[in-house]
Amino acid sequence: MADDILYSVRNLTVDYKTRGGIVHAVDNVSLDIRRGEILGLVGESGCGKSTFGKALMRLHDGPASIPNGELWFDGQDLMKVPMKDMPAIRGADIGMVFQDPMTSLNPVQSIMEHLTETIQTHEPKVSDAAAHARAEDLVERLGIRHERLKEYPHQMSGGMRQRVMISLALALRAKLVIADEPTTSLDVIVEAKFLDLLKELQEEFNLTILLITHNIGVVAEVCDRVAVMYAAKMVEVGSVEAVFADPKHPYTQGLLRSVPNIKLDEGDLYKMGGEPPSLLHPPTGCRFHPRCPKAMDICSREEPAFESVAGEQLASCWLYQKADGKQKVTNG
Ligand code: SF4
């Protein structure tokens with residue numbers, strides 16, 4: 001694994017057992033997360049992006065399982081770590097920020113108690129006084145007066161609770177923070193402040209952040225690279241600059257064209273036709289072919305490889321490949 005890669009996911013599949021059969025919610029997906037970057041993971045609701053994020057911490061629950069895949073985090077394959085040892089890695093090495101922090105914070109514990117307990121669980125030798133000082137310092141840096149640490153989660157606004165979640169990750173000096181739709185429940189102004197804060201923290205602490213979102217505008221604002229998922233598959237990955245300037249996969253092209261743009265009249269807004277497929281019975285070949293305006297004969301028969309289409313920009317699309325595995329010389 002190259003030194004600049006913090007997390008390398010290889011051929012990850014996550015299955016759900018349903019009454020109708022097995023659903024591959026994530027289907028043979030590979031992705032590298034580089035140290036110190038903010039990587040945006042986008043796609044429509046139900047495409048598997050949240051399942052992917054949880055699987056990175058082996059947080060799949062209930063009827064879900066990981067039948068295959070390698071999860072190389074900082075040189076260690078987490079798939080080989082006994083499940084009983086995973087809680088120590090979650091939090092200490094990999095922090096999480098979810099859409100609704102109320103589900104992650106204990107309602108009967110003050111924020112100070114929560115932060116102190118979390119720090120001391122992972123670092124038992126830290127005294128109460130040292131844990132309090134660390135908690136106070138962190139929340140102040142995140143724009144929350146330390147006096148508010150004695151409050152309970154319900155006494156804080158949604159934006160503040162999100163900052164508390166970030167402070168938990170920072171308190172443990174996590175190397176990777178996975179933020180799943182962290183701004184969805186925030187209003188536009190609080191969202192903008194939160195995104196600024198993420199960017200600042202990434203620079204100051206050299207944090208690596210996986211930002212899972214359905215909002216492509218958020219990706220444009222803060223991310224270094226973007227990964228696009230469709231129907232449980234990864235379809236395009238590249239720098240935000242390259243992908244936004246020249247998206248290769250027709251799904252990414254449609255996604256970008258459907259973002260409201262102040263230069264366009266409302267009537268010009270593109271609406272992608274069709275619906276994402278059922279993952280119980282996904283289409284053969286390229287899963288996007290029933291909706292793709294550029295679909296060709298081969299697209300419904302064979303699945304294209306996920307490979308470089310322009311330098312570090314990867315995509316899975318027959319527009320750039322030949323059936324014999326050779327690359328086409330085309331701009332799509
Ligand atoms: Fe469209 Fe074919 Fe490319 Fe799929 S492989 S995105 S159907 S052109």
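**View 1. Strand E2 gives the largest share of the lining of the second largest pocket, four residues.** The model is predicted, with local features needing pLDDT of at least 70 and side-chain atom pairs pLDDT 80 or more, while totals for chains, interfaces and linings use all residues. Residues are numbered from 1 along each chain as its sequence is written, and side-chain values use heavy atoms, without hydrogens and water. The second largest pocket holds about 260 Å³ of space. It is lined by 18 residues, and Lys 233, Met 234, Glu 303, Phe 306 and Ser 316 are the closest to its centre. Two elements give two or more residues to this lining: strand E2 (21-34) and strand E10 (233-239). The lining divides into nine nonpolar, five polar and four charged residues. (A pocket is an open set of points on a 1 Å grid over the protein atoms alone, where a 1.4 Å probe fits, with protein on both sides within 12 Å along at least five of seven lines; lining residues have an atom within 4 Å of a point. Volume is the space filled by probe spheres set on the points, which are joined across faces, edges and corners. Ala, Val, Leu, Ile, Met, Phe, Trp, Tyr, Cys and Pro count as nonpolar, Asp, Glu, Lys and Arg as charged, the others, Gly among them, as polar.)

**View 2. The largest pocket has a volume of about 330 Å³.** Its lining has 16 residues, with Arg 90, Gly 91, Met 96, Thr 118 and Leu 168 nearest the centre. Helix H2 (86-92), strand E6 (94-97), helix H3 (111-122) and helix H5 (158-171) are the elements that give two or more residues to this lining. H3 gives the most, with four residues. Eight of the lining residues are nonpolar, seven polar and one charged. (Helices, H or I, of at least four residues and strands, E, of at least two are DSSP runs, numbered from the N terminus.)

**View 3. The ligand sits in the largest cavity.** (A cavity is a set of grid points where the probe fits but cannot get out; a molecule sits there if more than half of its atoms lie within 2 Å of the points.) Around the ligand are His 249, Pro 250, Cys 286, Phe 288, His 289, Cys 292, Lys 294, Ala 295, Cys 299, Cys 317, Trp 318 and Leu 319. Nine residues of this shell are nonpolar, two polar and one charged.

**View 4. Eight strands form an open sheet with mixed pairing, in the order E6-E7-E8-E3-E9-E10-E12-E11.** E6 and strand E11 (307-310) stand at the edges with a single partner strand each, so one side of each has no neighbour in the sheet. Strand E3 (residues 38-42) runs parallel to strand E9 (residues 225-230), joined by four bridges. Leu 41 stands opposite Ala 227 in E9. (Strands pair if DSSP finds at least two bridges between them.)

Notes: A residue is near a molecule or strand if one of its heavy atoms lies within 4 Å of it.
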